[in-house]
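Visitor: I'm new to looking at proteins in 3D. Could you walk me through this one?

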Amino acid sequence: MVLTAQPRLRALPAAAARRLVDLRREIETVRLRQHVERLAEPRGRRHAPAAMDRAEAYVARELESADWLVRRRPFTVAGTGIAGANLLAHRPGRVSGRAPDLLVGAHLDTVPGSPGADDNASGVAGLLELARILPAESAGRVRLVVFDEEETGLHGARALATELAAGDRPTAVVVFECVGYTAAAAGSQRLPPAAALAYPGQVRRLRRRGWRGDWTLIAYRNDALRPARLLGSGLAQLGGPDAVVLARDPLDIPFVGPLLRRYLPAAEHFARSDHQPFWDLGIPAIQVTDTADFRNPHYHRPGDIPGTLDYERLADITAATAVALGELVAG
């Protein structure tokens with residue numbers, strides 16, 4: 001399909017390319033792993049509330065130590081009375097009177113029984129490192145969010161998306177979801193059924209490379225094409241052209257989307273994380289992911305531990321995101 005073909009990735013402007021190299025040098029993979037190790041235990045309001053409290057306190061301390069102001073945004077899960085809370089952070093003295101902010105987020109909770117290193121301590125670790133390295137001229141326009149209750153139905157993201165849609169709508173949202181697992185072995189990558197029907201070009205690339213799970217997926221809708229391209233270009237600069245695959249949500253295709261919803265099972269997999277509530281409300285958003293259970297054999301299992309992750313790739317994603325945010329802020 002022409003409308004789901006991977007968009008051409010242009011080289012970053014020279015200044016942005018230099019910033020990318022500089023920021024990548026600032027990131028210590030040891031620190032990323034330390035974040036993941038501190039968070040890696042089953043955590044959730046319902047099945048492990050004490051661990052969730054520990055994780056939330058750790059994240060808030062780390063953000064505050066990087067000079068971000070953290071606010072806890074409680075919400076109630078509809079129909080259950082269960083209380084959750086997102087953490088929303090911004091830099092003091094952020095720019096006002098300008099276009100609405102950019103938002104970067106990752107969820108903190110896990111399923112029962114899984115330490116959740118990849119799902120999603122990896123995303124939260126990237127967020128914490130982003131808070132540390134983001135240049136001041138970008139940080140003033142960026143908000144960071146740690147979502148709650150993702151695993152039980154995207155409740156934290158839905159609560160925040162609804163709140164922001166009614167007021168200070170972000171111009172773009174980036175969601176980190178399972179971003180730390182890679183696998184270089186041939187045959188380590190799978191795809192949803194019938195994916196080749198929607199993404200023939202991307203699937204040909206993966207087939208030529210022996211179905212290796214060593215790339216990062218950026219899922220987007222057309223209103224978020226620019227941030228998707230910028231982040232993709234940064235990852236390609238750091239890891240080579242095969243380090244990233246871009247895929248447009250098939251349901252975003254004019255006229256054809258409703259038919260795909262009915263006949264293409266792969267389409268449902270684009271709605272599995274915290275970007276979806278923003279899509280539902282017309283807010284541009286992208287998801288950055290390692291494809292979770294289509295690659296990682298430890299997904300939602302006790303084996304999802306820190307030692308299984310690729311911290312070099314996580315560092316690349318963090319640096320590329322910082323540069324993409326800078327370009328978006330600059331216009």
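This is a predicted model: local features need pLDDT of at least 70, side-chain atom pairs count only at pLDDT 80 or more; totals for chains, interfaces and linings use all residues.

Visitor: Is tryptophan 211 buried, partly exposed or exposed?
Guide: Tryptophan 211 sits in the loop between helix H8 (200-208) and E6. Its relative accessibility is 25%. Buried needs a value under 20% and exposed one over 50%, so tryptophan 211 counts as partly exposed.

Visitor: What about threonine 291, is that one buried or exposed?
Guide: Threonine 291 is found in the loop between E8 and H12. It isn't a glycine, yet its phi is positive, at about 80°. Its relative accessible area is 10%, and the cut-off for buried is under 20%, so threonine 291 is buried.

Visitor: Which kinds of residue make the contact of H2 with H4, and how many of each?
Guide: H2 passes H4 in a right-handed crossing. On the H2 side the contact is made by Arg31, Leu32, His35, Val36 and Leu39, while the H4 side includes Ala117, Ala121, Val124 and Leu128. Sorted by kind, the residues of this contact are 8 nonpolar, 3 polar and 3 charged.

Visitor: How do H2 and H12 lie to each other, oblique or roughly perpendicular?
Guide: H2 and H12 pack with their axes 9 Å apart, at an angle of about 100°. Thr29, Leu32, Arg33 and Val36 in H2 meet Tyr311, Glu312, Leu314 and Ala315 in H12. These divide into 5 nonpolar, 1 polar and 2 charged. The range for roughly perpendicular is 65 to 115 degrees, so that is what H2 and H12 are: roughly perpendicular.

Visitor: Where is the cis peptide bond?
Guide: Look at asparagine 120, which lies in helix H4. The bond in question has an omega of about 10°. The residues it joins are aspartate 119 and asparagine 120.

Visitor: Which residues does leucine 23 touch, leaving aside its neighbours within four places in sequence?
Guide: Leucine 23 lies in helix H1. It is buried, with a relative accessible area of 6%. Leaving aside those sequence neighbours, leucine 23 is in contact with Ile133, Ala319, Ala322 and Val323.

Visitor: What covers the buried residues of H9?
Guide: Helix H9 (residues 225-239) has 15 residues and reaches 21 Å from its first C-alpha to its last. Among its buried residues are Pro227, Leu230, Leu231 and Leu235. What covers the buried residues includes helix H1 (14-26), helix H12 (311-330) and strands E5, E6, E7 and E8.

Visitor: Last one: which residue follows H9?
Guide: H9 runs over residues 225-239. The residue after it has a positive phi, near 95°. That residue is glycine 240.

Definitions and conventions:
Residues are numbered from 1 along each chain as its sequence is written. Side-chain values use heavy atoms; hydrogens and water are left out. Helices (H or I, at least four residues) and strands (E, at least two) are DSSP runs, numbered from the N terminus. The expected span of a helix is 1.5 Å times one less than its number of residues. Buried means under 20% relative accessible area, exposed over 50%, partly exposed in between (1.4 Å probe, protein chains only). Contact means heavy atoms within 4.5 Å. A crossing is left-handed if the near helix is turned anticlockwise from the far one by less than a right angle, and right-handed if clockwise. Ala, Val, Leu, Ile, Met, Phe, Trp, Tyr, Cys and Pro count as nonpolar, Asp, Glu, Lys and Arg as charged, and the others, Gly among them, as polar. Axes are lines fitted to C-alpha atoms, for helices over the stretch in contact, and angles run from 0 to 180 degrees between N-to-C directions. Angles under 35 degrees count as roughly parallel, over 145 as roughly antiparallel, 65 to 115 as roughly perpendicular and the rest as oblique.
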